[in-house]
Amino acid sequence: QVQLVESGGGLMQAGGSLRLSCAASGRTFRPYTMGWFRQAPGKARAFVSAITWGSGTTYYSDSVKGRFTVSRDNAKNTVYLQMNSLKPEDTAVYYCAARYWSGPSNERLGYQQWGQGTQVTVSS
């Protein structure tokens with residue numbers, strides 16, 4: 001069974017950078033889209049970014065556009081989220097998710113499989 005494992009979170013000062021990774025186990029990993037979501041304390045899980053597995057088309061929320069970059073390495077079954085110019089409001093648990101249905105989605109319910117999350121804390 002495929003599992004998603006995030007890594008790369010940590011504590012960073014505002015203005016700094018972090019790169020999150022999401023590795024999928026299993027040789028037959030073929031999602032349509034991989035997404036990144038985040039959940040801050042007391043808030044709902046929110047869409048951050050997504051990338052289609054085949055074409056590499058990318059999508060971003062307005063709050064991270066221009067600062068975050070999503071990419072994937074199909075050979076390694078891994079998706080990345082490069083986060084630059086971090087702000088305190090980026091503090092959250094970040095989750096990667098796999099969507100096996102066609103078409104991209106920025107909705108939580110559009111994704112069928114989730115990782116356990118990795119904490120990102122940005123200090124001011």
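Student: Which aspartate side chain meets lysine 65 in a salt bridge, and what is the N to O distance?

Tutor: This is a predicted model, in which local features need pLDDT of at least 70 and side-chain atom pairs count only at pLDDT 80 or more, while totals for chains, interfaces and linings use all residues. Residues are numbered from 1 along each chain as its sequence is written, and side-chain values use heavy atoms, with hydrogens and water left out. A salt bridge here is a side-chain nitrogen of Lys or Arg within 4 Å of a carboxyl oxygen of Asp or Glu. By that criterion the partner of lysine 65 is aspartate 62, and the N to O distance is 3.4 Å.

Student: Is aspartate 62 buried or exposed?

Tutor: Buried means under 20% relative accessible area, exposed over 50%, and partly exposed in between, with a 1.4 Å probe and protein chains only. Aspartate 62 has a relative accessible area of 68%, so this residue counts as exposed.

Student: How many salt bridges does the structure hold, and which residues are linked in a network of them?

Tutor: The structure holds three salt bridges. Arginine 38 pairs with aspartate 90 at 2.8 Å between the closest N and O atoms, and arginine 67 also bridges to aspartate 90, again with 2.8 Å between the closest N and O atoms. Arginine 38 and aspartate 90 are both buried, and arginine 67 is buried as well.

Student: How many residues apart are arginine 38 and aspartate 90, and where does each lie?

Tutor: Strands (E, at least two residues) are DSSP runs, numbered from the N terminus. Arginine 38 is in strand E4 and aspartate 90 in the loop between E8 and E9, so that the pair links distant parts of the chain, 52 residues apart.

Student: Which residues have the most contacts inside the largest nonpolar core?

Tutor: A nonpolar core is a set of buried Ala, Val, Leu, Ile, Met, Phe, Trp, Tyr and Cys residues joined through side-chain atoms within 4.5 Å. The largest such core has 25 residues, and the elements that give two or more residues to this core include strand E3 (18–24), strand E4 (33–39) and strand E9 (92–99). A second, separate core of five residues includes Phe37, Ala50, Ala97 and Tyr111. In the largest core, the residues with the most contacts are Leu4, Met34, Trp36, Leu81, Met83 and Tyr94.

Student: Why is the ring pair of phenylalanine 29 and tryptophan 53 classed as it is?

Tutor: Rings of Phe, Tyr and Trp (its six-membered ring) pair if their centres lie within 6.5 Å, and planes under 30 degrees apart count as stacked, over 60 as edge-to-face and the rest as tilted. Phenylalanine 29 is buried, with a relative accessible area of 0%, and tryptophan 53 is likewise buried at 5%. The centres of the rings of phenylalanine 29 and tryptophan 53 are 5.4 Å apart and the planes stand at 80 degrees, so the pair is edge-to-face.

Student: Over the face of which rings does arginine 45 lie, and at what distances from the ring centre?

Tutor: A charge sits over a ring if NZ of Lys or CZ of Arg is within 6 Å of the ring centre and within 35 degrees of the ring normal. Ring pairs link Phe37, Phe47, Tyr95, Tyr111 and Trp114 into a cluster. Arginine 45 lies over the face of tyrosine 95, at 3.6 Å, and over the face of tryptophan 114, at 5.0 Å.

Definitions and conventions:
Helix = DSSP H or I, 4+ residues; strand = E, 2+ residues; numbered from the N terminus.
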